[in-house]
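Good morning. Please have the sequence and the structure open while I talk, and I will go through them part by part.

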Amino acid sequence: MTRRLTRLAAAAALALAGGLLAIPLRGRAAPEESDRVDRRVQIGDRIDDAELRTLDGKRDRFLAKGVKANVFVFFRLQHDRSLDTMRDLAGCEKEFAGKPVRFVGVVSDSWPAGEVEAFVKESGVKMPVLVDDGDALYGKLGIRLHPVIGIVDAQRRLVAFEPFRQINYCDRVKVRIRRALGEAGEAEVAKVDEPERTPLPHSDAGVARRHLNFARQLHRIGQDEKALEEVKKSLAFAPSAEAYALEGEVLVALHRCPDALRAFETAAKLEPGNTAARDGKKSCPP
């Protein structure tokens, strides 16, 4: 009897420990957390609205009325991937300005407001940032990773859920916002999701693609001189509109507008419908 009670007590202790370990650590996450896709909410589910505290102590809604796409991002501080994601979203905000799209950030209340404000300022986003007191919304949605971006349509249905990706992350988010707006179809989404299936006009297409992907990563984190080198390597193997358009974006970041415009022009000649080349020209006024 004593041995049985001992075994039961040990089992209960293990169960309790497992439960404690399953509770998300506030303010930090396990190293592998950003690579897990583990959530309670699923694509197609209706998302309930919530009222949360803002950084200045006021109240605001998690979901806005009268828009076609509510874009939310759960992020955390002291996290390079979260900072990169917020910087990308700063560009998305500009791209979708004037359209029925609302962006909102959500952060745990475990971070001091002053540190959050500094983080937001560094990222360049203009979106409201809501404080998730007690990680209540985080837990309700069952999200277990940072950063993550979700898109909710006009019917309050979750139409996209995008954990961080090293490659093509910003493009995946943008095309899904455009789909929620009715500006893109499934074929365009699939093309963005699987760019490796788009053949490049050269026998060394695979090498060119690797250099191009690496250049995009470097550009995303602000290492534009190195990004330019990788773009030029990609062009040396396989000239493409995609590579020239990225070269233009990098040159804009380096404040080399005349060179950037030439790159955008070349991209447009190779692919007249290239949206990156078209939008890139607006970055450098004549």
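**Overall make-up**

Of the 286 residues in this protein, 44% are buried. Keep in mind that what you see is a predicted model. The secondary structure consists of 11 helices and seven strands. The accessible surface of the protein is about 15300 Å², and carbon and sulfur atoms account for 54% of that surface. One more overall figure concerns contacts between residues at least 6 apart in sequence: 66% of them join residues at least 24 apart.

**The sheet**

Now the strands. In what order do the seven strands lie in the open sheet? The order is β2-β1-β5-β4-β3-β6-β7, and the pairing is mixed. At the edges are β2, residues 59–61, and β7, residues 158–163, each of which pairs on one side only. On average, neighbouring strands of this sheet are turned by 35 degrees against each other, with direction ignored.

Let me take β1 as an example, and look at its partners. Strand β1 covers residues 51–54, and strand β5 covers residues 129–132. These two pair in the antiparallel sense, over two bridges. β1 also pairs with β2, again in the antiparallel sense, over three bridges.

Which residues are the bridge partners of Arg-53? In β5 the partner is Val-131, and in β2 the partner is Arg-59. The hairpin of β1 and β2 has four residues between the strands. In that hairpin, Gly-57 takes a positive phi near 90 degrees.

Most residues other than glycine have a negative phi.

Gln-78 is not a glycine, yet its phi is positive, at about 55 degrees. You will find Gln-78 in the loop between β3, residues 69–74, and α2, residues 80–95.

Arg-156 is the other case, with a positive phi near 65 degrees in a residue other than glycine. Arg-156 sits in the loop between β6, residues 148–153, and β7.

Is Gln-78 buried or exposed? Its relative accessibility is 68%, so Gln-78 counts as exposed. Arg-156 has a relative accessibility of 15%, and therefore counts as buried. The cut-offs behind those words are under 20% for buried and over 50% for exposed.

**Two helix pairs**

Next, the helices. Take α7, residues 205–220, and α8, residues 224–237. Their axes come within 8 Å and cross at roughly 165 degrees. Angles over 145 degrees count as roughly antiparallel, and α7 and α8 are therefore roughly antiparallel to each other. The crossing of these two helices, α7 and α8, is left-handed.

Several residues meet between them. On the α7 side they include Val-207, His-211, Leu-212, Phe-214 and Leu-218. On the α8 side they include Asp-224, Ala-227, Val-231 and Phe-237.

The second pair is α9, residues 241–253, with α10, residues 257–270. Here the axes are 8 Å apart and the packing angle is about 160 degrees. That angle makes α9 roughly antiparallel to α10. The crossing of α9 and α10 is left-handed. Among the residues making the contact are Ala-241, Tyr-244, Gly-248 and Leu-251 of α9, along with Ala-260, Ala-263, Phe-264 and Leu-270 of α10.

**One residue in that contact**

I will finish with Ala-263, which lies in helix α10. Its relative accessible area is 3%, so Ala-263 is buried.

Which residues does Ala-263 touch, not counting residues up to four places away in sequence? They are Tyr-244, Glu-247, Gly-248 and Leu-251.

Key. Residues are numbered from 1 along each chain as its sequence is written. This is a predicted model: local features need pLDDT of at least 70, side-chain atom pairs count only at pLDDT 80 or more; totals for chains, interfaces and linings use all residues. Side-chain values use heavy atoms; hydrogens and water are left out. Two strands pair if DSSP finds at least two bridges between them. Axes are lines fitted to C-alpha atoms, for helices over the stretch in contact, and angles run from 0 to 180 degrees between N-to-C directions. Buried means under 20% relative accessible area, exposed over 50%, partly exposed in between (1.4 Å probe, protein chains only). Contact means heavy atoms within 4.5 Å. Accessible areas come from the Shrake-Rupley method with a 1.4 Å probe; for residues, only the protein chains shown count as cover. Angles under 35 degrees count as roughly parallel, over 145 as roughly antiparallel, 65 to 115 as roughly perpendicular and the rest as oblique. A crossing is left-handed if the near helix is turned anticlockwise from the far one by less than a right angle, and right-handed if clockwise.
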